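Have a go at each task before reading on to its solution.

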Amino acid sequence: MGLLSDPSLSTHNKLVDNLAKHVRKVCYALYTAGVVWFFCLALPEFNHGTYLSENALSPGLVYPEIRIDANRLAAQLLEELQRERKDHQSTTPHAWIAAKFNEFGLETHTHNYTLRYPFGGGKEFHGKNIYGILRAPRIGSTEGIVFSAPYRVPSSVHVDITPSVPLLLAFADFARRKNYWAKDLIFLVTEQEQLGMQAWLEAYHDGDKESDNSDAYLRAGNLPARAGSLQAALNIEVQDLEVDYVDVKIEGLNGKLPNLDMFNLVQRIMAREGVTSGYKQSPRKKRRSSLSNFEQNLRQMLSMLSTQSSGVPNGNHGLFHRYRIDALTITASKRMTNANVKGNPNSAAVPLLKAIEGIARSLNNLLERFHQSFFFYVIVNNDRYISIGDYMPALIALVACTFIKAYLTWSTLNTTVPAPGSDKAKPAAETVKLALPYGSVLIFLTVALLIGYCGNVLPLQQCFLELPLTAAPLTAAILTGLTLMGLLLPFVVILPAGGLELLHIGLLLIYGCALIVIGLLNFSLGFFVAVISVPLMIALNTNTSNNSMRNLTRAWTLLLNPLFVIYIIVLVMSFYQFPELTMQELLLRAATASMDAATFALIDSVIYGNWLYFVICTIFLPLWIICWTLAIAKRRENQIPQAKLKQN
């Protein structure tokens with residue numbers, strides 16, 4: 001017992017005291033190291049060349065069998081579909097698509113679904129998907145591959161991708177004539193963009209489950225027929241049969257990515273067929289750049305992280321990832337001129353069809369799901385990547401600042417004062433142990449978390465939906481009101497002495513753990529949040545007497561309010577997209593777009609399962625409230641409640 005009570009074993013030692021004196025320097029050094037490490041990843045010495053880890057993908061690289069007659073069929077089907085579109089300006093020609101599937105000998109089915117719009121007052125939208133199944137002739141229906149193409153009506157605001165459906169049908173006709181398929185091939189045509197794909201996937205995997213979905217916003221229904229367990233999926237978006245280049249899209253829901261082997265497979269097969277392709281591929285004119293390799297690689301990395309951080313998939317493929325199905329989208333852009341077309345223009349779509357055939361044959365040869373290559377990576381350029389083992393140290397260095405500061409703050413926390421009437425020179429055994437207000441701090445943390453939780457659930461409560469407000473103003477008003485509550489909370493709730501220091505330690509620990517978890521699930525979001533907020537965590541100090549530093553910290557905290565950060569991001573994007581607007585018009589447009597962004601994030605959360613809105617409300621908003629409390633409050637120097645004197 002003597003060892004356990006030996007005051008010489010206290011955490012107050014010279015090393016801790018010296019580190020505590022220079023805690024900001026240590027933390028800023030780690031912060032700088034993390035940012036520098038990330039920038040170094042753009043150098044060839046810090047990244048790796050791509051390669052195929054799965055040897056079973058090799059059959060797709062053999063000599064293709066598809067011929068020019070498939071191109072003629074695609075052109076013929078495109079002409080027929082264009083005539084059908086004249087009679088279906090705002091609807092999908094389901095009958096024509098289903099008739100073609102039947103004509104090609106596929107097992108054709110229709111899938112109906114219903115969307116109950118959250119802010120529509122009970123208003124419902126109905127949709128229909130058409131899909132055909134080519135059963136594997138060599139094996140039972142145990143596994144399947146999906147080839148999908150979204151259909152966009154003529155009145156759609158998105159880019160016209162009408163040739164996608166004829167190209168899908170032409171490949172289906174070719175695949176039907178072959179007998180080497182070891183997996184079921186599903187040819188799917190969806191409508192209403194990602195909504196149709198989400199409904200089909202829910203019906204495919206959860207349609208047989210007996211559950212009451214009357215309160216569900218998306219009623220996926222059931223499918224009349226299924227194939228085997230889905231192994232992979234390829235989404236096709238083609239603007240014209242004459243292709244200039246192919247953009248390979250990989251970002252999925254909540255920042256998930258397909259296995260790197262699938263991306264490498266598409267790249268190699270496209271290169272074999274002479275099709276220019278790549279991640280975030282751009283037209284030839286834009287590809288001419290005077291930037292160095294380092295600058296191009298860094299720009300590519302930041303571009304990928306910015307797309308991935310939102311958690312919004314940039315194609316229908318992104319919804320497959322939540323079901324552990326590797327998928328990506330190939331977006332073929334229209335050739336603006338025929339000057340570079342070699343040979344017969346009537347065979348313009350043959351290279352793309354051959355590439356799809358090669359991808360299908362490679363996926364058909366898989367013996368198991370993709371597993372050998374990376375699921376967490378960053379694309380540097382089309383043939384180089386960064387694995388999770390290389391980029392995570394950058395985030396760890398940033399987050400380590402918070403844990404180090406939390407430990408040093410706790411270790412140097414003055415938890416003892418002289419006993420009443422005692423001499424300071426007397427041994428530590430005659431001091432009074434201070435009682436830290438754990439209960440008060442826990443209650444404060446609970447209140448902050450409840451404010452954030454209310455932002456997640458209140459906009460969808462019936463009492464708020466009955467208010468005479470549209471979706472965007474309603475969501476913005478609720479979030480603004482909760483933010484004002486967070487602003488006023490430090491003036492209403494006063495923590496006892498020692499509470500601010502304890503709250504500061506709790507903030508650092510919660511913040512660090514949250515960023516580590518978010519970074520593992522979505523590195524892009526975690527890294528960006530760490531870059532802009534870790535300096536504030538380092539600068540926060542409840543004991544400082546420097547008024548200028550306190551005012552700077554308060555201003556910095558206000559600027560990092562989640563709503564204000566969203567507004568700034570939207571404002572910058574609006575500035576680049578609408579440079580002709582005046583400043584006043586730009587500010588108003590950004591405010592409207594910010595409200596819409598918050599509403600869309602909420603809708604994505606309840607329909608697709610995007611957790612960005614949940615993270616902002618439940619994690620970032622409470623953390624900001626705690627930061628604001630620490631920045632605005634002053635340390636109390638009053639008498640601290642004392643515990644009983646230690647008895648020796």
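**Exercise 1. The cavities**

How many cavities of 30 Å³ or more does the count come to? Then work out what lines the largest cavity.

*Solution.* Keep in mind that this is a predicted model.

- Step 1: the count comes to three cavities of 30 Å³ or more.
- Step 2: go to the largest cavity, which holds about 50 Å³ of space.
- Step 3: list its lining, which is made up of Ala539, Leu540, Asn541, Thr544, Met549, Arg550, Thr553, Leu630 and Ala631.
- Step 4: look for the helices behind that list. α17 (547–559) and α20 (612–632) each give at least two lining residues, and α17 has the largest share, with three.
- Step 5: sort the lining by class, and you get five nonpolar residues, three polar and one charged.

**Exercise 2. The salt bridge between Glu65 and Arg361**

Find the salt bridge between Glu65 and Arg361, and say which parts of the chain it ties together.

- Step 1: check the distance. From N to O, the Glu65 and Arg361 side chains are 3.9 Å apart, and the cut-off for a salt bridge is within 4 Å.
- Step 2: Glu65 sits in the loop between β1 (48–49) and α3 (68–87), while Arg361 belongs to helix α10 (residues 350–364), so the bridge ties together parts 296 residues apart in sequence.
- Step 3: see how covered they are. Buried means under 20% relative accessible area. Arg361 has 17%, so Arg361 counts as buried, whereas Glu65, at 31%, is partly exposed.

**Exercise 3. Arg135 and its two partners**

Take Arg135 and follow its salt bridges to Glu107 and to Asp184.

*Solution.* 

- Step 1: start with Glu107. The closest N and O atoms of Arg135 and Glu107 are 3.0 Å apart. Arg135 is in the loop between β3 (124–134) and β4 (143–150) and Glu107 is in strand β2 (residues 107–116), so this pair links parts 28 residues apart in sequence.
- Step 2: move on to Asp184, whose side chain meets that of Arg135 at 3.4 Å, N to O. Asp184 lies in strand β5 (residues 184–190) and Arg135 in the β3 to β4 loop, so here the parts tied together are 49 residues apart in sequence.
- Step 3: check Asp184 for cover. With 0% relative accessibility, Asp184 counts as buried.

**Exercise 4. Zooming out**

What share of the 648 residues of the protein counts as buried, and how many salt bridges does a search of the whole structure find?

*Solution.* 

- Step 1: count the elements, which gives 20 helices and 14 strands.
- Step 2: of the 648 residues, 50% count as buried.
- Step 3: The accessible area is about 30100 Å², and carbon and sulfur atoms account for 59% of that.
- Step 4: look at the contacts with a separation of 6 or more. Residues 24 or more positions apart make up 81% of them.
- Step 5: the search of the whole structure turns up 15 salt bridges, including the one between Glu65 and Arg361.

Conventions
Residues numbered from 1 in each chain as written. Predicted model: local features only at pLDDT ≥ 70, side-chain atom pairs only at ≥ 80, totals over all residues. Heavy atoms only, no water. Helix = DSSP H or I, 4+ residues; strand = E, 2+ residues; numbered from the N terminus. Buried < 20%, exposed > 50% of the residue type's maximum accessible area, 1.4 Å probe, protein only. Contact = heavy atoms within 4.5 Å. Areas by Shrake-Rupley, 256 points an atom, 1.4 Å probe, with all protein chains shown as cover. 1 Å grid on protein atoms, 1.4 Å probe; cavity = no way out; pocket = protein on both sides within 12 Å on 5 of 7 lines; lining within 4 Å. Points joined across faces, edges and corners; volume = space filled by probe spheres on them. Nonpolar A, V, L, I, M, F, W, Y, C, P; charged D, E, K, R; others polar.
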